[in-house]
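Please look over the sequence and the structure before reading on.

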Amino acid sequence: MKFKTSLIKISLAAVVLISTSCNKQLNPLLTDPSQPTPAAADNDLYLNNLQLNFKSFYQNASDLGDQLVRYETMFGPTYFNAFTPSSFDGLWNTTYKSIFLTANTMIPLAENKSQFLHAGIAQTLKAYTMITMVDLFGDVPYSEAVQGVANTNPKADPAAAVYDSAIAMLDSAITNFGKTLSTGLPSNDLFYGGKKAAWTKLAKTLKLKAYVQERLVNTTVTAKISALLTENDLINASADDFVFSYGTKAVSPDSRHPHYSGNYGANTGTSDYLGTYFFWSLLKEKSIVDPRARYYLYRQITDLTVGNDSRLKDVTTAQFAIPCLYRTSPYPAGTCYCSVSPGYLGRDHGNNEGTPPDGALKTTWGIYPVGGEFDANQNTPAGTDNNQVHGAGGNGINPIWMSSFTYFLKAEAALMLSTAGDPEALMETGISRSFSTVAGFNTKIGYSISSDTNLLITPTKTANYISYVRGKYNAAASTDEKLNIIEKEFYLSAWGNGLEPYNTYRRTGKPNNMQPVLNGNAGAFIRSFFYASVYVNFNKNATQKTGTETQVFWDNNPANFIQ
Amino acid sequence: MGILLLIGNGLLAQTTEVTGKVTDPSGSPIPNASVRIKGVRGGTSADANGNFKIKVAPTAVLIISGVGFEVTEIPVSGRTTLTLSLKPGNSALSEVVVTALGREKDKKALGYAVTSVKAKDVELRPEGDIGRLLNGKAPGVNVLASSGISGSGTNITIRGVSTITGGASTPLFVVDGVPFDGGTNVNSSFQYGGGISTSSRFLDLDPNNIESMNILKGLAASVLYGEAGRNGVIVVTTKNGSGRHTPKKMEITGTQSFFINHVANLPDYTHRYGGGFDLAPSAAFSNWGAEFTNPPLQMPYSASLQAAYPQYVGKTQDYKFYNSVHDFFRTGRISTSSINVSSSGPNTTFNANYSYMDDQGFTPNNRLFKNNFGLGGTAKLANHFSANAVLNFAITDMQTPTVGANGGGGSADVASVFGNLIFTPTSINLMGLPYQNPVDGSSVYYRGTNDIENPRWAANNNLSNDKTYRTYGTLGLKYDLMKGLSINYRFGVDIYSEYQTLSVNKGGKQGDNTYRTGTYRTMDGLNTILNHNLSVTYATTLGNDFSLNVDAGADYRRDTYNQSGMRSNQQLVFGLFDHSNFISHDTKDEGGYDLDYKIDKIREGIYAQAALGYKEFAYLTVSGRNDWVSTLEPENRKKLYPSISGSFIPTQALDFLKDSKTVNYLKLRAGYATSAHFPDPYRTRTYLSVLTNAYVDKNGNVINVGSIPDRYPNPNLKPELIRELEAGIEGRFFDNRITLDLTAYTRTAKDQLLDRNLDASTGYGSTQINAGSVTNKGIEASLTFTVIRSQDWHWDLTGNFTLNRSKVHDLPSDIKQIQTSGYTGGGPGTFALEGKPLGILLGSYAQVDAKSGKKIVDDNGYYLGSSDIGIIGDPNAKYNLTGISTLSWKWISLRMQWDYTHGGSMWSNTVRTMLARGVTRDTDFDRKLPFILPNTVKQDGTPNNIQQSVDNIFFNSYGFGPSSIAVYDATVIRLRELSLALSLPAKLIKNTPFGTASLNFSGSNLWYLAPNFPKYTHFDPESNSLGVGNAKGIDLFAGPSSRRFGASLRLTF
């Protein structure tokens, strides 16, 4: 019986012990052993996150613009069907969860620690993002955004107010760039290597960009533009170009230019279809060929005629690989269709046919700006085998803001707002900045190309080109025609940046001869994109647009003025 | 299992041999009736024909009992031959079931529904997955296979899903009294095939080693298990853990099965048209090419094929029908061998078994090996102690070609063996052409640029493997303190190490470039569950009329999971899978999730239960449990959940019913119970996310990043409380010819642990809050009718009916909707929406003209899609009905199980892709005629008159149009099981060493019809590309289902 009693006692004691020792024993299990605590936060790590997300944001946004200005093909077939709302989720997530949240977290931390360059960079990148979100979507959440559970349904702010906030943020950034740093430079400034002066120029140039964008709806911008031009502390020289430079590492992580990875990096052929209109503009529109074409574009096949290449050895094969070659153009005479001789194979705007086996045939991105191949008539496919490298290996750039862009903006402002400077001369500087950047690009990224001067950009070719454009400009009868020439040159110089031509097209309607949508029944041009599905699906205050015709605040042009 | 004549072990000296036969009142033999001698240990059993022989003293009294009959005592009175007719008894009154924590209780005293599944319902089947074997056998239990791939994951839900975002509602498995992990350790999202390529861990159980299973469906039944029992409990008793006394000292049972595993559902492909587009033959990945001709057109071999195999240069091939998809599959063979040894003495029992299953799938390189070894025993010691122990060891090894979600475009996030296969154009000679480059091993196929992966290459070069070594068992000690009072201690352990690999050779064409350069992903997980349970049970009577049973105890369970893993890319030497053979290495999977992580969780509980009985016809049980769980902050981690239930048996209580011939037995029961749900670990604290090696700049500098996690932490999280009310009737009527078990329930889980989606503009992707409710209401019924009950013939018909309706309500007003699975954005995905059934499908939809109600087409004559998402279907079935017929004649028994699922929607990418690409006979009409989408209007409301080519309409509208177009009603009827069992009569094997011999022919999934899918697609909606979770209704080339048939032989010695 004694045994029994002690057994009962032990049992009871065990029960009591278990139920009282609970909490203490359980507390250590509340912290995830696989993750660092917030105390590990570091402004350098935040800034790295911000910069990498920013380049993804830019690339994503630029690709959208590309398809609307015919750099790349929009599949369509209608503007309504061209992009599903979920195509913007990545952009929306990057903007708010990565760029805004990181910037909002680190700016005060950096300012407290007198890391003013950290703070200023964060402000500049955030401001660019805000401006671009407005340019793409119109009204977007800003003042109520990024508050976590304190506001689970942020309302959209009027787009103009977001622009104003972005400009104010650029001013704060400029102030920060002007301060003396008491602690070190960012450990990784992936854009300017810690040069405060360059960042200052960028912030001011972005203000110029915003003001020119607003010029149709805001008369006060002329004075502001003039002030910026007078100060002229802008990205005027290619040394100050705002670019993101890629590396050549293929995996873990893939650090190459995404257009290189997608088109050269696969052994299944290239994936992107480039626009035939862009080919035509470079090669056929003028009576002289744009010498940048061999840098911009790489032809995998130099002749699309049957019989001259094993890839097109008979009509059946050729017809299957390039069906459009065997069809009649649905376009009016004079509009490019299907391909541009010799060998420039792309797609027409809004062609949504299934993809034939043309991965080794279509023309793809060249050496500038993606770090691909220079077109020296190699007549070989771009797609790499597993360990083979074609072209420069993907160490290209994102031309986010180039000095040439500044001059084209100055030219537009001079022509349309009569701000300082001669539009024609400004345009000429823009073109020559572009030519020199493109011509010097292979040296800059350390890749040697053909030395055949017939293929390269030479001073003579540059001079001939400029003189041709100047002749056209001087012959132009109206301001509108002159503007068209300026913007066409901007368009041809901006390759790799789909955002600026997309904004310009909606602001000015130029270039005015864009290739129409292939099937004609395309609906309204995308004056702003649908909202991201993550916003519409999960935010009570969000309503999806019903169509593509909604105009951004700075666009007061008539409905359907562009196609 | 048949048991022959067995001699008892306590015989007296002065004996005579008595032979006898036990029959029912109609004269039919009662097989296996037990024959004991009153006052003496031991006895015997009647054989399958009711005959027995026993040596007894002439004055002895025999006690005869048979399942379903009244126990009868009969004095031998010197006779040597006896014929005994037993009265059908009220077995319902004496039925005992295993309930929570392994307690055996009288079924009549339970205030809740328990369904028992017996060994014979799951053994000798062509299927090694215990979950799938339960399909249809228990009302209220819903089983959904993810795929026909052998070893693929399985969903089990009981009484619907009551959590919105709480993960899979897999019930708690309790094996021999201790918790057993039945989860599915998916290491990649559904896009990467995680759900299909990963086994559910209840696969580690051996169906042939199961003594019985009791399914505790309601909370009243499972409350003592605490929060772990909230999804229902499957209490499994293995033969090793049963403590069963064998009829003779030692018994050996050997079983050998052999089955064929066949693909069940291939589409009827068109024999009229071949690959191409616009009626032109070509190497398109569509079947809109030319009509076949005689003699066939001649087509050149692709450039890629010619490059790899010069013999094809300048040659042509016939453009004709090839039965490629059919020929791709193979006939799999399934072999199961098992041996069971059991033995018992007066105070001890012992059982050991080993079984081996080799299941070769119908898909090349899909196979499943299962090794199960177990032993167990019980001992009753003299000093009031009794002990039992069970130890099981399992090795489960599953391999399959990767089955990633496939968009139907030939490209996939991850290689998928079915993705490029099912819609292969009919003119492609898949099986007649090589698929591998002889030089570098890469995939070659019929396309010039070689941009599509050959499915044969995929089947041979992209493999997923999931191998588990598992040990589980229990040690129990019981001390009988005094009459009615005992102390029990039980230690349970379940430890397994799971090793998963994904091996993709270089030279593939699917996925991104990291894949195509070769991928090797390995992951090692170690899962442990340690469980201590100490309890006191007390049973007594209070006066003459009352009985009282009390259980009280404490329970401690610790779950840990440690995983490490690595993903390597850029294979150096083709064919070798070792991380050192790869150039780059990463610690994240394809979706960017960590392969390394740790989970540690402790659950402590104390519980008590008191059951009061009155005169054997009224019972009341009150129980409660309090849990402390480590996943919540101290102030919130404690939860008490009570329950009360009772039963009343009118046939015992009311005089006019006592001897009724019409109502033989009636029981009414009702219960109210609660349970809790605690969140996964680490949801309350904030942390920093870091990523090393995020980018390497052109100078080779490695950039590391820090970021704020996507989930907003919530330190105030509380456990959620689930409430359930259930009531039921059990009865036997008309001379026990009709048996009914009917239950109605309503269950509400409110203040859910809700992982709510946040619009990214809040800065975060999600947060977990306590909000929202899900109510499930349903009916479960089981009705058995004994049609024939004669001497030789017996025919039972059983119908099982399950109906469940769920509704999401009380979502906070700031929540628009919550996505629970599927594709983000345009969908389709499964959602929780206020006032709607849980898991409803949302996606883009075809816009409908308000006036005519017809769908609108755009200016090209295609369906006009939406810019937002809307409801496109409800994947929840309206009801499930199972019909089981068991017909037996003497020693032959024929069993059939038909399952019928009514309603429920499914978005099928397989079907829409087949339509889009014109491969089935559904598009066998004259394709030269232009096509106008029927029943549509233009945007101005006038009838649609826009002509398009057939291929454009099918491609852009029926195929890849708005999501709503590809949603079909998933009603399906199926012959789930058919078996013919022969238990050889004793006289046939009299002169053999065998005690019993039985031969079983059986088949599963022999026929099915899903009438509302396009006719020739033969699509089987019993699949789930979302894998194991609480979402269903989305198919992304999960693959065909499996049809199995064969035979088993079982012999006892």
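Chain A and chain B bury about 8,300 Å² between them, and 60% of this area is on carbon and sulfur atoms. The model is a predicted one. The size of an interface is often given as the accessible area lost when the parts come together. The contact takes in 98 residues from chain A and 102 residues from chain B. Three residues, Leu29(A), Leu30(A) and Phe538(A), supply 10% of the area that chain A buries against chain B, which is more than any other three residues.

**Between the chains**

How many salt bridges are there between chain A and chain B? The count is one. Lys97(A) forms a salt bridge with Asp710(B), and the closest N and O atoms are 2.6 Å apart. Polar contacts between chain A and chain B come to 29 residue pairs, both residues being at pLDDT 80 or more.

On the side of chain A that touches chain B, the elements that give two or more residues are helices H1 (2–26), H2 (43–68), H3 (79–82), H4 (89–112) and H19 (533–538), together with strand S3 (242–245), of chain A. H1(A) gives the most to this side, with 13 residues. The residues of this side of chain A divide into 46 nonpolar, 41 polar and 11 charged.

**Salt bridges within the chains**

Over all chains, the count comes to 75 salt bridges.

| Lys201(A) | Asp233(A) | 3.5 Å |

Lys201(A) and Asp233(A) meet in a salt bridge. Lys201(A) lies in helix H7 (residues 196–213) of chain A and Asp233(A) in the loop between helix H8 (221–231) and S3 of chain A, so this pair ties together parts that are 32 residues apart in sequence. Asp233(A) counts as partly exposed, at 21% relative accessibility.

Lys510(A) counts as buried at 7% relative accessibility, whereas Asp480(A) is partly exposed with a relative accessible area of 42%.

Lys667(B) is in strand S34 (residues 663–677) and Glu730(B) in strand S38 (residues 720–733) of chain B, 63 residues apart. Lys667(B) counts as buried, at 0% relative accessibility, and Glu730(B) counts as buried too, at 6%. Both belong to a network of salt bridges whose members include Arg159(B), Lys217(B), Arg669(B) and Asp741(B).

Arg927(B) lies in the loop between helix H11 (909–917) and strand S52 (936–937) of chain B. A polar atom of the Arg927(B) side chain does lie 3.0 Å from the backbone oxygen of Gly918(B). Not counting residues up to four places away in sequence, Arg927(B) touches residues including Thr270(B), Tyr273(B), Trp288(B) and Val950(B).

Key
Residues are numbered from 1 along each chain as its sequence is written. Chains are lettered from A and ligands numbered from 1 in the order in which they are written. This is a predicted model: local features need pLDDT of at least 70, side-chain atom pairs count only at pLDDT 80 or more; totals for chains, interfaces and linings use all residues. Side-chain values use heavy atoms; hydrogens and water are left out. Helices (H or I, at least four residues) and strands (E, at least two) are DSSP runs, numbered from the N terminus. A polar contact is a pair of N or O atoms within 3.5 Å; within protein, one must be able to donate a hydrogen and the other to accept it, and residues adjacent in sequence count only if both atoms are side-chain atoms. Contact means heavy atoms within 4.5 Å. Buried area is the accessible area (1.4 Å probe) that two parts lose on being put together, summed over both. A salt bridge is a side-chain nitrogen of Lys or Arg within 4 Å of a carboxyl oxygen of Asp or Glu. Ala, Val, Leu, Ile, Met, Phe, Trp, Tyr, Cys and Pro count as nonpolar, Asp, Glu, Lys and Arg as charged, and the others, Gly among them, as polar. Buried means under 20% relative accessible area, exposed over 50%, partly exposed in between (1.4 Å probe, protein chains only).
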